[in-house]
Amino acid sequence: MRIVIARMEHETNTFSPMPTPLIAFGAGNGVGPAFGAEARVAMTEARVTMGGMLAVAARRDCEIVTPLAAMAYPSGPVHAKAYERMAESILDAVASGCDAILLDLHGAMVAEPNRFGSGADGERDLLAAIRRIAPRTPLAVGLDLHGNLSRRMIEMADIVVGYKTYPHIDMFETGEHTARLLFDMLDGRIRPVIGFAQAPVLAQTLMMNTNLGAMREALAGAHWREKDPGILACSVFGGFPQADTRDAGMSVVVVADAKRPGARALAERTARWGADFLDSRRAEFIFAETPLHESIAAAVRAGQAGAGRPVILLDHGDNCMSGGTCDTVDVPRAALEAGLDGIVVGPTRDPEAVAAMLQAGVGAQVTLDIGGKTPMPAIGVERPRPLRLSGTVRAISSGEYVVSGPIFTGQTLHMGRTAVLDTGRIKMVVTSELQEPLDLACFTSVGVDPLEAKFLVLKSRMYFRPVFEPLAAAAIPCASAGVTSSDNAIFRFKHVRRPIYPLDRD
Ligand SMILES: [Zn+2]
């Protein structure tokens, strides 16, 4: 028996100006995807979906073929050539003959128009191409909870399973679940049928924490439905809202066992029931944005009550893990204008400013325009405004550090050449590349102690939480004009299905 197992993941922010070429993808630390045997080495024991799939397959007497392991952090649409190269590697493996296919996909991939289709639904184009050469080969797909799913895509697979957690801590288990069902199908123990329903809700990722509120209840419902012996998998998808595609938004996928009577109706009914639940709680999936000056005032109050611990100004509208440019400066500017001091700003991408500081040298006095350099035409920001600061260059580094925190533990991360500018009131960590502040070392590696800050600006949504939140007096969400904003008013949706809440309120 020959099984093809591959990973091709990207969460595409269609509003993001950040490019997504082939080298943006990697199998871990590398630059560019891993192909063939390298992909297998990179993914064996990796705590991601493909790792779980490989672990299950390795226990079976089968030949495993791994054409591709590729994942890129969120950014704009995948370049056509990159998409084609990755898709072709999977299609070649399928075309050379296989008995089953296991895919680790995201569900919200958008590509530039390419030879496989319009690119608007990257996963559907890939599955359609596979089905043209392997129309009946058992095919199982593991997906991210942020997938934007369509019935046309789902129905090309035999089995679809999504993560049940956000922050995602069950990727490996999702891969195991998907692979287990595929082997049960190959062994003739089950005959999967899929039910699908969309909820007309464009939920915001900030409100999809599966430990809180309506999302927690929805996932509890999915776990409960999986106790029904006729239901093989029940997955709730929050969707990814920074995607102007027809099928952006929430959905539910149910896999039932057609060896039992009424399976198709059960799958459809359960999916519809889940989608109706999401719709009934739709207001809870929308983040209530506060004007920036009010957030700054709230941060000052939190600081006074904070017993000396820093208050996080959470710049969630410019989160590079969701496609942000990592160079907007609305939040530090507002903090300075409000008269705050003791401000420390986490990684802000500006290679030009870093180069200028590098040339000036540590200890030099400089006046620089920092950040605010990447136009974001899709949200109407054609000419962003940098932040002009005068201060001392405090540090220059290669931007490498080893993570000690709980996410990516032990990995070496790269911020690119990095420098610190200190004006006395504000210290900014300026990087050459995108960097999510998920570990203290993005500060400490350049000699900045984030715990000495009164106010700590972090461009993040979820990944700062395990490390920074317990150390802070409070984390105050701050609105900024960025491509990961939770203010739908700044996005111009043209393609998403209508009506959809909250764009169309009733
Ligand atoms: Zn996700």
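Axes, in these legends, are lines fitted to C-alpha atoms, for helices over the stretch in contact, and angles run from 0 to 180 degrees between N-to-C directions. This is a predicted model, in which local features need pLDDT of at least 70 and side-chain atom pairs count only at pLDDT 80 or more, while totals for chains, interfaces and linings use all residues. Residues are numbered from 1 along each chain as its sequence is written.

**View 1. Helices H3 and H4 at their crossing**. The axes of H3 and helix H4 (residues 122–133) come within 10 Å and cross at roughly 30 degrees; helices (H or I, at least four residues) and strands (E, at least two) are DSSP runs, numbered from the N terminus. H3 and H4 are therefore roughly parallel to each other, given that angles under 35 degrees count as roughly parallel, over 145 as roughly antiparallel, 65 to 115 as roughly perpendicular and the rest as oblique. The crossing of H3 with H4 is right-handed, a term used if the near helix is turned clockwise from the far one by less than a right angle, with left-handed for anticlockwise. On the H3 side the contact is made by Tyr 83, Ala 87, Leu 91, Val 94 and Ala 95, and on the H4 side by Gly 122, Leu 126, Ala 129, Ile 130 and Ile 133, where two residues are in contact if their C-beta atoms, placed from the backbone, lie within 7 Å. By class, the contact of H3 with H4 has 9 nonpolar, 1 polar and no charged residues; Ala, Val, Leu, Ile, Met, Phe, Trp, Tyr, Cys and Pro count as nonpolar, Asp, Glu, Lys and Arg as charged, and the others, Gly among them, as polar.

**View 2. Helices H2 and H6 at their crossing**. The axes of helix H2 (residues 49–58) and helix H6 (residues 171–186) come within 6 Å and cross at roughly 40 degrees, and H2 and H6 are therefore oblique to each other. Their crossing is right-handed. Residues of H2 in this contact include Met 50, Met 53 and Val 56, and those of H6 include Phe 172, Ala 179 and Phe 183. The contact of H2 with H6 comprises 9 nonpolar, 6 polar and 3 charged residues. Ala 55, which has its place in helix H2, is partly exposed, with 17 other C-beta atoms within 10 Å; a residue is buried if 20 or more other C-beta atoms lie within 10 Å of its own, exposed if 12 or fewer, and partly exposed in between. From C-alpha to C-alpha, Ala 55 and Glu 382 are 48 Å apart in space, and they are 327 residues apart in sequence.

**View 3. Helices H7 and H8 at their crossing**. The axes of helix H7 (residues 213–225) and helix H8 (residues 263–280) come within 10 Å and cross at roughly 165 degrees, and H7 and H8 are therefore roughly antiparallel to each other. The crossing of H7 and H8 is right-handed. Ala 218, Gly 221, Ala 222 and Arg 225 of H7 make the contact with Thr 270, Gly 274, Phe 277 and Leu 278 of H8. The residues of this contact of H7 with H8 divide into 4 nonpolar, 3 polar and 1 charged.

**View 4. The largest nonpolar core, with Val 160 among its members**. A nonpolar core is a set of buried Ala, Val, Leu, Ile, Met, Phe, Trp, Tyr and Cys residues joined through C-beta atoms within 7 Å. The largest has 106 residues, of which Leu 102, Ile 159, Val 160 and Val 255 touch the most other members. Helix H3 (residues 80–95) gives the most to this core, with 8 residues. Leaving aside residues up to four places away in sequence, Val 160 touches Val 141, Leu 143, Ile 154, Ile 194, Ser 235, Val 253 and Val 255.

**View 5. Backbone details at Glu 45 and Pro 499**. Most residues other than glycine have a negative phi, and most peptide bonds are trans. Glu 45, in the loop between helix H1 (36–43) and H2, has a positive phi, near 70 degrees, and this residue is exposed, with 11 other C-beta atoms within 10 Å. The peptide bond from Arg 498 to Pro 499 is cis, with omega near -5 degrees, and Pro 499 lies in the segment after strand S20 (474–477).
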